[in-house]
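Hello,

I am handing over the structure we talked about, and my notes follow just below it. Please have a look at it first.

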Amino acid sequence: MASAVAVLALPVHATGEAPDVLVKRISGEVMAAVKADPAIQAGDVNRIITLVDSKIMPSVNFARMTSSAVGRFWRQATPEQQKQLQDEFKILLVRTYAGALGEVKDQTVSFRPLRARPEDTEVVVRSEVRGRGEPIQLDYRLEKTPDGWKIYDLNVLGVWLVETYRTQFAQEISAKGIDGLIATLAQRNKSNTGKAG
């Protein structure tokens, strides 16, 4: 199915789309967009952010991803701090994966059969990215919401993203508080700006 058709059809079928179908569609659209855009392949962070915002973020429960990464400290954060944490965490993730997206050339993604019951509200969709080297395990945790299935965690090479960041964030908050974590993320995001090209 052409990605243009998929984008146009999205509002109609998003809520009824099975979790593995959703992830396959997003993966296909992102891979096609990366392969067609030399700026993304060159690591243009702004182009990558635009791609992430348009293709990936509508299918991510980013509030849950951020609150899970911040852990028990999330409830102590003010609404403004929560918004800042989400904004900085998103930039951090985009910059983290900018390099990986820039490497997409001839890779293909294969999916394992989904093991889920119709009544399940949380599932794991398992995939492998195949290219020149060893296959890369890439799994997605999804939850069923009133707006359809949403991704809330990623597993790259056997490591769940949220758990990894939860440990780092807890150390930072214990040492410097929530504002300290926000400042550290902002600083890290600024210092990574120069790696765009």
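Which residues form one aromatic cluster? They are Phe-62, Phe-89, Tyr-165 and Phe-169.

A word on the source before the rest: this is a predicted model, where local features need pLDDT of at least 70 and side-chain atom pairs count only at pLDDT 80 or more, while totals for chains, interfaces and linings use all residues. Residues are numbered from 1 along each chain as its sequence is written, and side-chain values use heavy atoms, with hydrogens and water left out.

Rings of Phe, Tyr and Trp (its six-membered ring) pair if their centres lie within 6.5 Å; planes under 30 degrees apart are stacked, over 60 edge-to-face and the rest tilted. By this rule there are four aromatic pairs. In one of them, the ring centres of Phe-89 and Tyr-165 are 5.3 Å apart with planes at 80°, so this pair is edge-to-face. Phe-89 belongs to helix H6 (residues 79–102) and Tyr-165 to helix H7 (residues 161–191), so the pair ties together parts 76 residues apart in sequence. Helices here are DSSP runs (H or I, at least four residues), numbered from the N terminus.

Buried means under 20% relative accessible area, exposed over 50%, and partly exposed in between (1.4 Å probe, protein chains only). Phe-89 is buried at 0% relative accessibility, and Tyr-165 is buried at 9%.

Elsewhere, Ser-27 is in helix H2 (residues 19–36) and counts as buried because its relative accessibility is 10%.

Best wishes

Conventions
Helix = DSSP H or I, 4+ residues; strand = E, 2+ residues; numbered from the N terminus.
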